[in-house]
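Good morning, and thank you for making time for this presentation. I would ask you to keep the sequence and the structure in view while I speak.

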Amino acid sequence: MAFFWRRSQEEKLAEKGDKNAILRLIQQGKKEKAIEILERFKDDPQLLRLLYDLYMQEGKYYYAYQLIEHYDKSLGNAQERALIYEKVGENQKAIEEYLKIGSFESLRSAGNLLYKMGNKEDALKVFERAMKLSPPYEKENLEKVINKIKQEMGLIAQEKESLLDKIRKGLHKTKEKALFGIILRGRKVDDELFEELEETLIRADVGAKTAINLVEELRKEAIKRNIKESDGLRDILKEKFLLLLSNCEGSIRFNEGRPNVYLFLGVNGSGKTTTIGKLAYRFSSEGKRVLLCAADTFRSAAVEQLEVWAERSGAHIVKGEEGADPASVVYKAMSQANNYDLLLIDTAGRLHTKEPLIRELRKIKSVINKFYPEEPTETLLVLDATIGQNSIAQAKVFKEALNITGIVLTKLDGTAKGGAIIPICQELKLPVKLLGVGEGIDDLQPFDAKLFVEELLSVEV
Ligand SMILES: Nc1nc2c(ncn2[C@@H]2O[C@H](COP(=O)(O)OP(=O)(O)OP(=O)(O)O)[C@@H](O)[C@H]2O)c(=O)[nH]1
Ligand SMILES: [Mg+2]
């Protein structure tokens with residue numbers, strides 16, 4: 001009896017605006033009742049604050065907003081006010097509050113709102129401020145956002161995006177299978193994670209030895225740096241990958257003002273002719289005079305295939321009869337070379353036996369040297385990424401024959417073995433100069449190790 005009496009007394013007190021009695025109502029879970037009472041005492045600053053807190057707890061942002069607007073602009077803290085403004089669609093006010101707070105999170109929220117409102121210029125400024133405060137694991141995503149806006153505003157060339165798009169296309173299949181990005185996100189660092197990571201590395205074809213070593217190093221670093229979440233491993237793995245690829249980057253050499261001869265080698269089907277077509281297109285579009293040499297006389301279709309590429313790229317072509325001595329076709333091309341900036345020589349990839357091919361290639365080289373002792377500027381070995389590490393053995397045969405200056409890794413878009421680039425470059429001790437990422441005329445790009453690793457380990461598939 002006494003209990004009920006007390007309760008009704010309490011409610012009466014609450015009804016009269018007694019703060020303690022209202023607080024007890026709230027403690028008892030009677031929030032609706034408390035709100036109903038507090039609504040009548042909004043002129044009392046203490047009760048107004050209590051009402052505001054209740055609205056926030058209940059997610060009633062619009063009501064909280066009304067209190068701020070009509071009673072007290074300083075209710076709550078800046079973080080809450082920004083959230084309220086955002087929820088009720090007062091974007092400009094939300095942005096002001098977020099900017100006042102100035103933390104990474106709030107700047108990012110302000111940037112997002114500015115972008116949503118179409119104010120890209122200010123969004124960019126704010127995102128760039130956020131970048132300076134960004135924790136390491138957020139940097140990658142923020143950078144993507146910044147680049148996207150810059151491209152939309154025409155501040156950076158579209159090429160940058162298309163380069164990224166192309167590497168994305170090239171690594172799509174590897175990432176679908178390997179999922180580094182997903183493993184390295186929000187997982188606990190434990191034995192299971194390391195085992196999965198090792199399997200993933202092996203699946204991406206980085207080679208068993210490298211996979212085991214990498215995971216071992218990651219384990220040590222995780223202990224040393226006391227890393228408990230897998231996100232923390234991403235940057236370390238990036239560093240390790242980049243270290244492994246540090247001598248693997250190389251760019252195509254080109255000397256202005258004199259003919260440059262590029263000789264292409266590789267087994268049949270590796271992508272020599274296609275790569276020549278793409279390169280011819282690239283150089284022609286830059287205004288260079290390009291001559292193609294169809295020294296693959298093994299197969300009748302080979303010459304026709306190169307002719308198609310010559311037509312598409314606007315290059316000229318020198319060809320011989322089917323079955324002609326390839327060196328004689330090269331001779332013909334070399335005698336015209338000084339009218340051109342670039343001569344691209346396509347060779348046959350047949351490997352019936354090792355000796356004849358090597359002899360033939362050496363003969364071609366000596367013909368080139370009769371005209372220009374310092375050429376070829378580039379002797380490029382074309383390897384098919386779909387066979388992954390297995391291409392290393394065949395590459396060694398070509399390495400014995402000639403002094404190779406770089407690798408072109410083709411069909412990256414068609415394989416999940418993108419990680420093979422690491423053992424290929426390390427074992428052969430040759431730089432990767434170009435990547436083939438599709439059959440299109442524009443699907444060739446320089447190898448940028450940083451971009452490659454960033455994309456390989458990024459979260460999006
Ligand atoms: N998806 C994809 N396909 C490619 C790429 N490069 C070449 N190919 C395809 O691979 C096949 C073989 O390419 P070719 O350029 O004819 O190879 P090749 O080394 O000249 O071969 P041979 O002339 O027989 O010695 C063709 O169907 C090309 O379209 C690439 O980067 N991506
Ligand atoms: Mg060919």
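Let me begin with a convention: the axes I shall refer to are lines fitted to C-alpha atoms, for helices over the stretch in contact, and the angles run from 0 to 180 degrees between N-to-C directions. Please bear in mind throughout that this is a predicted model.

The first topic is a helix pair. Helix α20, residues 391-401, packs with helix α21, residues 421-428, at an angle of about 30°, and their axes are 10 Å apart. As for handedness, α20 and α21 form a right-handed crossing.

Which residues meet there? From α20 we have S391, I392, A395, K396 and K399, and from α21 their counterparts are P423, I424, E427 and L428. Sorted by class, the residues of this contact of α20 with α21 comprise five nonpolar, one polar and three charged.

Helix α8 covers residues 104-116 and helix α9 covers residues 120-133; they pack at an angle of about 165°, with 8 Å between their axes. Since the threshold for roughly antiparallel is an angle over 145 degrees, α8 and α9 are therefore roughly antiparallel to each other. The crossing in which α8 passes α9 is left-handed.

On the α8 side, the contact is made by F104, L107, R108, A110, G111, N112, L114 and Y115. On the α9 side, the residues are K120, D122, A123, V126, F127, R129, A130 and L133. In terms of class, ten residues of the contact between α8 and α9 are nonpolar, two are polar and four are charged.

Let me stay with α8 for a moment, as S106 lies in that helix. Is S106 buried or exposed? Its relative accessibility is 1%, so S106 counts as buried. The side chain of S106 has two polar partners to show you. One is the backbone oxygen of Y98, reached at 3.3 Å; another is the side chain of S103, joined to that of S106 by a polar contact of 2.9 Å. Setting aside neighbours within four places in sequence, S106 is in contact with Y98 and I101.

Next, R81, which is found in helix α6, residues 78-87. With a relative accessibility of 12%, R81 counts as buried, because the limit for that label is under 20%. Where does its side chain go? The side chain of R81 reaches the backbone oxygen of L75 at 2.9 Å, and it also makes a polar contact of 3.5 Å with the side chain of E97. Not counting residues up to four places away in sequence, R81 touches I68, K73, S74, L75, G76 and E97.

T275 has a relative accessibility of 1% and so counts as buried. What surrounds T275, once neighbours within four places in sequence are left aside? The residues in contact with T275 are F264, V382, V408, T410 and L444. Please also note a separation in this region: T275 and L409 are 134 residues apart along the chain, and their C-alpha atoms are separated by 9.7 Å.

Thank you for your attention; I am happy to take questions.

Technical notes:
Residues are numbered from 1 along each chain as its sequence is written. Chains are lettered from A and ligands numbered from 1 in the order in which they are written. This is a predicted model: local features need pLDDT of at least 70, side-chain atom pairs count only at pLDDT 80 or more; totals for chains, interfaces and linings use all residues. Side-chain values use heavy atoms; hydrogens and water are left out. Helices (H or I, at least four residues) and strands (E, at least two) are DSSP runs, numbered from the N terminus. Buried means under 20% relative accessible area, exposed over 50%, partly exposed in between (1.4 Å probe, protein chains only). A polar contact is a pair of N or O atoms within 3.5 Å; within protein, one must be able to donate a hydrogen and the other to accept it, and residues adjacent in sequence count only if both atoms are side-chain atoms. Contact means heavy atoms within 4.5 Å. Angles under 35 degrees count as roughly parallel, over 145 as roughly antiparallel, 65 to 115 as roughly perpendicular and the rest as oblique. A crossing is left-handed if the near helix is turned anticlockwise from the far one by less than a right angle, and right-handed if clockwise. Ala, Val, Leu, Ile, Met, Phe, Trp, Tyr, Cys and Pro count as nonpolar, Asp, Glu, Lys and Arg as charged, and the others, Gly among them, as polar.
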